[in-house]
Amino acid sequence: MTVRLIASFAIGFLIALLFGAWLVPYLRKIKAGQSIKEIGPTWHQSKAGTPTMGGLMFILAVTVVTLTVGWKSMTEGDYSHVFVLLFALIYGAIGFLDDFEKLKHKQNLGLTAWQKFLLQLAVAIAFIYLLRRFGALHTSARRGYIDLYIPFFNRIVPIPDLVYVVFAAFVIVGTVNAVNITDGVDGLATGTSLPVFIFYTALCFFWGQRYLGLGIFSAGLTGGLLGFLTYNFNPAKVFMGDTGSLFLGGAVVAMAFAYDMPLILITLGIVFLIETLSDIIQVAYFKLSHGKRVFKMAPFHHHLEMGGWTGKKWKEKELFALYTLVSAVFAVISFFGVSARF
């Protein structure tokens with residue numbers, strides 16, 4: 001098992017690294033440059049024209065890993081990693097459509113909010129049905145109920161099927177968009193996501209063969225993200241685009257459900273949660289106070305960039321280090337929160 005996890009990581013890293021050496025110049029050649037929002041920090045305008053859709057690097061990497069290193073698991077009847085991959089790919093396709101519309105119209109506006117929401121909601125419901133159909137979700141002893149695992153307390157709470165589906169759809173769509181929001185500074189979403197997938201890989205290593213398919217997927221994506229980071233680290237040569245960020249968000253939340261512990265995202269995805277809450281608080285307070293703001297700019301990483309409440313203007317490399325460290329610390333905390341499960 002260890003050999004296959006190491007191989008997944010190594011193959012994912014090499015594919016992303018080598019594919020990126022061709023992809024970045026190609027994206028420049030076809031002028032697939034990112035438009036920068038005018039309402040953002042003024043110094044971000046210098047990034048206009050930087051190629052987008054670089055997320056294709058780690059998407060290709062983890063797809064190859066899943067279908068090659070993960071092939072044996074499929075022959076043994078384990079398709080959990082394939083379901084996660086398909087789910088993330090569909091979200092990546094939604095992101096690709098969004099990126100394509102932005103490039104087509106040469107502005108930072110793609111699909112409408114409602115178009116994205118309805119597409120994401122439909123995919124979320126279909127994914128939960130698949131997990132339920134193939135036994136990845138623990139059904140309760142009570143007919144018509146699904147067990148919800150409570151991390152840290154190591155308890156199970158039975159929830160009616162319909163309530164669980166509504167809950168799952170909310171968590172999925174919310175998490176995917178939270179990761180998307182975090183992708184606003186060079187390497188930020190990449191660095192924040194790396195500890196998350198290392199956590200998922202560690203669970204497979206400690207919980208054993210039963211979760212090998214999921215471990216292969218997460219190890220492959222960890223390698224793919226590291227390969228992509230060589231191009232995405234500040235100053236970024238390429239952005240992941242919505243193609244990459246929606247795929248990444250889909251993978252983060254799909255793994256939590258595939259491991260049947262979605263509530264772990266409260267701690268494991270703490271950075272994504274903070275980013276989303278800062279956006280919600282900013283918008284709500286702005287409307288209620290008729291123009292006043294809690295943050296200098298939302299989401300929270302822009303608030304820090306612009307001086308926050310202390311006056312210190314965080315540089316992009318400092319934000320990368322801060323967010324990656326916080327994500328790593330909470331990944332360790334999350335591991336202890338679920339370690340007693342099996």
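The side chains of Lys312 and Glu318 meet in a salt bridge, with 3.3 Å from N to O, a salt bridge being a side-chain nitrogen of Lys or Arg within 4 Å of a carboxyl oxygen of Asp or Glu. A search of the whole structure finds one salt bridge. The model is predicted, so local features need pLDDT of at least 70 and side-chain atom pairs count only at pLDDT 80 or more, while totals for chains, interfaces and linings use all residues. Residues are numbered from 1 along each chain as its sequence is written, and side-chain values use heavy atoms, with hydrogens and water left out.

**Charged side chains**

- Side chains of opposite charge can pair when their charged atoms come close.
- Lys312 is partly exposed, with a relative accessible area of 38%, and Glu318 is partly exposed as well, with a relative accessible area of 30%; buried means under 20% relative accessible area, exposed over 50%, and partly exposed in between, for a 1.4 Å probe and protein chains only.
- Arg4 lies in helix 1, residues 2–29, where helices (H or I, at least four residues) and strands (E, at least two) are DSSP runs, numbered from the N terminus.
- Arg4 is buried yet has no salt bridge, and the nearest side chain of opposite charge, that of Glu76, is 5.2 Å away; for charge, Lys and Arg count as positive and Asp and Glu as negative, whereas His and the chain ends are not counted.
- Leaving aside neighbours within four places in sequence, Arg4 is in contact with Val69, Gly70, Lys72, Ser73, Gln209, Leu212 and Ile216, contact meaning heavy atoms within 4.5 Å.

**Packing of helix 11 and helix 13**

- Helix 11 (residues 270–288) and helix 13 (residues 316–338) pack at an angle of about 125°, and their axes are 8 Å apart; axes are lines fitted to C-alpha atoms, for helices over the stretch in contact, and angles run from 0 to 180 degrees between N-to-C directions.
- Helix 11 and helix 13 are therefore oblique to each other, since angles under 35 degrees count as roughly parallel, over 145 as roughly antiparallel, 65 to 115 as roughly perpendicular and the rest as oblique.
- Ile270, Val271 and Glu275 of helix 11 make this contact with Tyr323, Val326, Ser327 and Phe330 of helix 13.

**Gln282 in helix 11**

- Gln282 is found in helix 11 and is buried, with a relative accessible area of 10%.
- The C-alpha atoms of Gln282 and Val294 are separated by 5.9 Å, although these residues are twelve apart along the chain.
- Apart from neighbours within four places in sequence, the contacts of Gln282 are Arg293, Val294, Phe295, Lys296, Met297 and Ala298.

**Backbone features in loops**

- Most residues other than glycine have a negative phi, and most peptide bonds are trans.
- The peptide bond from Asn234 to Pro235 is cis, with omega near -5°, and Pro235 is found in the loop between helix 8 (212–232) and helix 9 (241–258).
- A cis peptide bond also runs from Ala298 to Pro299, with omega near 0°, and Pro299 has its place in the loop between helix 11 and helix 12 (300–305).
- Met53, although not a glycine, has a positive phi of about 70°; Met53 is found in the loop between helix 1 and helix 2 (56–68), and at 8% relative accessibility counts as buried.
- Asp260 is not a glycine either, yet has a positive phi of about 60°; Asp260 is found in the loop between helix 9 and helix 10 (265–268), and at 3% relative accessibility counts as buried.
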